[in-house]
Amino acid sequence: MKYRHFDKLGIDVSVFGLGCMRLPMIEKDGKKIVDRKISDRIIREAIEGGVNYFDTAYVYSEQDNEAALAHALRGGLREKVYIATKLPIFKCESSEDFERMFCEQLERLETDHIDFYLVHSLSGEQWDKAVSLGICEFLDKLKREGRIRYACFSFHDDYAAFERIIKAYDWDMCQIQFNYMDVENQAGVKGLRLAGELGIPVVIMEGLRGGRLATVPSEVREVFDSYNEHRTDVEWAFKFIADFQEVMTILSGVTDTEQLHDNIRIFSELTANSMTNEEHDIIKRAADAYMKRIKVGCTGCKYCMPCPNGVSIPDIFTTWNNAFRYGTTLGGNQRYARMKNQGNGADKCIQCGACEGACPQHINIIEMLRVADSELS
Ligand code: SF4
Ligand code: SF4
């Protein structure tokens with residue numbers, strides 16, 4: 001296993017962080033819970049393989065994920081690892097909720113402190129709410145009392161929101177979505193570099209884009225096959241991310257020990273700043289091959305919004321693009337059906353034209369919405 005060291009933290013953390021979110025679940029007494037037998041095995045074998053970073057959250061696995069992690073760490077393993085868990089800010093209505101949920105988390109995790117404590121899934125809007133509820137003071141207090149070691153946040157929004165949040169508090173770590181298809185999406189490379197300049201280590205989530213980059217379409221595979229050495233789709237995806245020295249840890253969720261051992265093998269060979277120009281070129285061509293499958297060049301900037309008639313223009317285009325880019329047509333259809341049920345579908349467009357002049361990509365929005373509706377319905 002490879003480890004990375006950041007002065008800000010002063011500890012060595014494994015490049016492979018086990019994302020516990022995908023631990024298999026079973027039904028017990030009419031309730032869905034994490035399968036303790038399998039999760040114990042995965043977590044303990046991960047520790048034997050050198051993994052020392054374990055990621056969970058209050059809300060994962062129908063709120064049973066933290067307890068499952070604690071179960072696997074019984075018998076002296078807790079002291080050997082770093083636990084990262086998250087405060088569900090989206091469930092908090094007052095500062096009292098922070099303390100109540102944090103105490104619940106300590107209890108579930110069977111520990112007296114949490115190593116990495118993240119404010120979960122911040123957007124610009126959620127950050128404003130968190131600040132107004134006193135999140136900065138709360139994190140300061142937890143650190144002072146030794147109940148958390150590092151104050152952190154996970155993020156899903158655009159670069160502007162990322163820059164605002166990362167500069168607004170003395171963070172010890174941040175977690176962002178990043179992979180070779182998202183270099184200009186959300187925080188993106190720009191966000192990664194900014195974190196590096198600020199000396200804040202970065203944990204990566206969605207390195208395989210929800211698993212889609214683990215089984216790429218044939219056009220993308222052909223690009224990978226043009227390299228003189230065989231590498232799996234997963235190896236290419238993780239190699240790209242690990243090449244950034246700003247990255248501390250890459251989260252990968254496994255559902256069985258076979259995947260776990262494959263990950264341990266891959267992460268044992270990954271180092272920063274080691275990719276050649278040829279390898280960078282392969283990644284770029286693979287991303288281009290993926291992009292060719294998209295239907296409309298919408299960047300999600302939202303300049304066209306709000307539509308006076310409730311049409312979720314960028315969401316419809318994103319759903320349409322993703323459905324065809326990653327071959328998940330059924331999921332796209334279901335997502336679009338939900339939008340329509342909520343009155344945000346393209347069928348609500350009355351062709352007023354208010355959106356089109358605002359689009360910096362000069363997209364023929366009315367026509368594209370019509371085609372999206374027919375292909376997703
Ligand atoms: S043209 Fe359609 S999508 Fe655009 S603003 Fe008007 S109603 Fe909304
Ligand atoms: S303005 Fe254009 S590019 Fe931006 S979200 Fe709307 S359709 Fe997409």
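Author: We shall go through the core, a strand, a helix and some backbone angles in turn. This is a predicted model, in which local features need pLDDT of at least 70 and side-chain atom pairs count only at pLDDT 80 or more, while totals for chains, interfaces and linings use all residues. Residues are numbered from 1 along each chain as its sequence is written, and chains are lettered from A and ligands numbered from 1 in the order in which they are written.

Reader: Which residues touch the most other members of the largest nonpolar core?

Author: A residue is buried if 20 or more other C-beta atoms, placed from the backbone, lie within 10 Å of its own, exposed if 12 or fewer, and partly exposed in between. A nonpolar core is a set of buried Ala, Val, Leu, Ile, Met, Phe, Trp, Tyr and Cys residues joined through C-beta atoms within 7 Å. Here the largest such core has 88 residues, and Y117, C152, C174 and V202 touch the most other members. Contact means that the C-beta atoms of two residues, placed from the backbone, lie within 7 Å; leaving aside neighbours within four places in sequence, C174 is in contact with residues including C152, F153, I166 and V202. Another core, of 16 residues, lies apart from the largest one, and V311, W320, A346 and C355 are among its members.

Reader: How should I read a strand, and which way do the residues of β3 point?

Author: Helices (H or I, at least four residues) and strands (E, at least two) are DSSP runs, numbered from the N terminus. In strand β3, residues 16-19, F16 and L18 point one way while G17 and G19 point the other way, and all are buried. Two strands pair if DSSP finds at least two bridges between them. β3 runs parallel to β12 (residues 247-253), joined to it by 4 bridges, and F16 stands opposite I250 in that strand. β3 also runs parallel to β6 (residues 53-55), with 3 bridges between them, and there G17 stands opposite Y53.

Reader: Which residues of helix α1 are buried, and what do they pack against?

Author: The buried residues of α1 include S39, I42, I43 and A46. Seen down the axis, the buried residues of α1 fall within an arc of 90 degrees (taken from the directions from the helix axis to the C-beta atoms), so they line one face of the helix. They pack against β3, β5 (31-34), β6, α3 (65-72) and α11 (257-267), whereas the face turned away from the buried side carries the exposed residues K37 and E48.

Reader: Where do I find backbone angles that deserve a second look?

Author: Most residues other than glycine have a negative phi, and most peptide bonds are trans. D29, in the loop between β4 (25-28) and β5, has a positive phi near 50 degrees. Q186, in the loop between β10 (173-177) and α8 (188-197), also has a positive phi near 50 degrees.

Reader: Is D29 buried or exposed, and what about Q186?

Author: D29 counts as exposed because it has 5 C-beta neighbours inside 10 Å, while Q186, with 19 such neighbours, counts as partly exposed.

Reader: Which residues does a cis peptide bond join?

Author: A cis peptide bond joins M305 and P306, with omega about -5 degrees, and P306 has its place in the loop between α12 (277-291) and α13 (313-325).
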